[in-house]
Amino acid sequence: MDNNKSRYLRTHLESFLLYSFLLLMNRGVSSAANSNCEIKSSCGADCQYANRTTVDPGSYITFDCTVSSEAAENITWEQAKKLAGKGDGTSDLALQESSQNISCKCTTIFFTRKLKIDEHTESPYIIQQGERPYLKCIFSGWPLPPVANWFREEKLITNESKAVYQLDRILGKEGNKTLHSSLNFQVAREDQAGFYKCNATNSIPGWSSSKSKMIQTIYQCPHAQDPIVEHLEVLARKSFNTTLICLVYESEEGCPDDLRWYANGRPLRNSGKYEILEKKTQSKCKREFRLTIFNVTKNDEGNYSCHWICEYFEDKIATIKLKVSVESITDPPTVVNVLTGPLYPLSGQRKKWLLPIIILAAVGGVAVFMAAVRFGVKKKWTSSYELEKYGFNDEVLKNQLFVSYSSKDVSWVNEYLISLLEKHSIAYSIHSRDFELGKPIVQNMADNVYGSRQVVIVLSQNYLASNFCREELHMAFQRGMDTGDSSVILVMINNLRKKQLPAALRDKRLLEFEKHNKKQEWEEKILSEILDWKTDNV
């Protein structure tokens, strides 16, 4: 790529020198005895072709030549071409010079043409596991640049990364060449989803043009896959708690419909003995399915299987074998860990005074734990924007609002929301443009939710089906409770009904897009919500 850029700079310098030569030709032509300079459609066959150069067709000819027996001075190159007539197609014009020493010397002249993109990868572009995706842009114009530039989220991509590389080739015949630029990925990955832009520029002194194209990539979760367990066999300690973890995939078909745990073929449910829960991961396609077994005994040994269930596919199963180790204990400990430690029978006398201590310790421990968790969550979500008492400080709030939406609804968002915000110069942030690469996704969410005065939630079936969107929704309402303001604006689109919403949202103030028959009515309504914002309770 560096060699191509060096070649481009060298070509640019040559064009500059030739252009300077043409500007100075008037002086050379005037000083030569009996010299003759004529602008023609093409040179004669007996002419010696010496140079070639590129000019702006709208610029004026500044030296003493003739075209069709008329003075060419103070007319444009484009006008000169009309006077010269149709040529042989190898160039736009030719400058033919003759003198006592040179019978015929020819300089071919080419006109600049603005760059355009003849072909590009359609957006959005779906990338899938197992593929080797690539993005392409084909440029035409003159002079043709040897390379293009690729950007991701407005940051220049270089070939230093092993995961992606750029390839530029100039193809075609003389006079009809095109630049083929491609961005190639070694293998499809979820973190490659985002917005990419190809850009190229061509120029001569005093003239330039540029063309670019934005292409969105969307990672599509793979089709149904078997659950994954890290350990096929787990050794648990008697009287302690143990947790079994199964990693399950969410497929593009909307699966799974259900997840279940079985012990030796027997279905398990939440109870005092078992706790079953799902935990999100950094991937939109994966989540943890957990089974916690309390106070493990020898009777808990056996095969535990997590079942991935979907009506479109056969059940997918992963199995873990649980073994329980029994340790001989001769002297019970004097201090008992009531949360995770082993349990021992107590004597009648010790029960009288130890039981209240255990209860107080348990209550105190749980209170401290919950306070620590709440403090930790708040600190994690607001680490980049330390709001004064969770209030509003103009120095730390970076945007008027943050727009939370599903990538599948990007067309609606661009047409009915983003265009309106830009029209009225309202600062906003969106995940596809403003999330920082390399920063954890949850931190990006928190920075934008807590770093904006308002949060617009675009509710749809797609939004409610997305783990990431639900996380942003939860953060937005948590922020509202922390700050005591009404900063959340809820918008329903795509004929979403209230009964489809989570129960906690149904009594909130909702803006239903479909109720506004005219676009102007909708724009006035959403603008009034944004611009008339006040800090009331949620």
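## Close-up views of the predicted model

Glu-119 is partly exposed, at a relative accessible area of 38%. Here buried means under 20% relative accessible area, exposed means over 50%, and partly exposed lies in between, with a 1.4 Å probe and protein chains only. The model is predicted: local features need pLDDT of at least 70, side-chain atom pairs count only at pLDDT 80 or more, and totals for chains, interfaces and linings use all residues. Residues are numbered from 1 along each chain as its sequence is written, and side-chain values use heavy atoms, leaving out hydrogens and water. Lys-136 is also partly exposed, with 25% relative accessibility. A salt bridge joins Glu-119 to Lys-136, with the closest N and O atoms 2.7 Å apart. Glu-119 sits in strand 7 (residues 113–120) and Lys-136 in strand 9 (residues 134–142), so the bridge ties parts 17 residues apart in sequence. A salt bridge requires a side-chain nitrogen of Lys or Arg within 4 Å of a carboxyl oxygen of Asp or Glu. By this rule the structure has 16 salt bridges. Strands (E, at least two residues) and helices (H or I, at least four) are DSSP runs, numbered from the N terminus.

**Arg-189 bridges to Asp-191.** The closest N and O atoms of this salt bridge are 3.0 Å apart. Arg-189 is partly exposed, at 35%. Asp-191 is partly exposed too, at 44%.

**Glu-529 of helix 9 reaches Arg-509 in a loop.** The two form a salt bridge, with 2.6 Å between the closest N and O atoms. Helix 9 (residues 519–531) holds Glu-529, whereas Arg-509 lies in the loop between strand 27 (488–492) and strand 28 (510–512), so parts 20 residues apart in sequence are tied together. Arg-509 is exposed, at 55% relative accessibility. In a separate view, shared partners link Glu-250, Glu-278 and Arg-287 into one salt-bridge network.

**An open sheet of 4 strands, ordered 7-9-13-12.** Its pairing is antiparallel. Strand 7 and strand 12 are the edge strands, each pairing on one side only. Neighbouring strands are turned by 20° against each other on average, direction ignored. For such angles, axes are lines fitted to C-alpha atoms (for helices, over the stretch in contact), and values run from 0 to 180 degrees between N-to-C directions. Strands pair if DSSP finds at least two bridges between them. Strand 9 meets strand 13 antiparallel over 6 bridges. Leu-135 stands opposite Leu-183 of strand 13.

**The hairpin of strands 12 and 13.** Antiparallel strand 12 (residues 164–171) and strand 13 (residues 178–185) are joined by 8 bridges. Ile-170 faces Leu-179 of strand 13 as its opposite residue. The turn has 6 residues between the strands, and Gly-172 within it has a positive phi of about 105°.

The structure holds 10 aromatic pairs. Phe-110 and Trp-142 make a tilted pair, 5.8 Å centre to centre with 40° between the planes. They come from strand 6 (residues 105–111) and strand 9 respectively, 32 residues apart. Phe-110 is buried, at 13% relative accessible area. Rings of Phe, Tyr and Trp (its six-membered ring) pair if their centres lie within 6.5 Å; planes under 30 degrees apart are stacked, over 60 edge-to-face and the rest tilted. Elsewhere, Trp-412, Tyr-416, Phe-513 and Trp-522 form one aromatic cluster.

**Charges over rings.** Lys-197 lies over the face of Phe-151, 5.4 Å from the ring centre. Arg-433 lies over the face of Tyr-428, at 4.5 Å. The rule asks for NZ of Lys or CZ of Arg within 6 Å of the ring centre and within 35 degrees of the ring normal.
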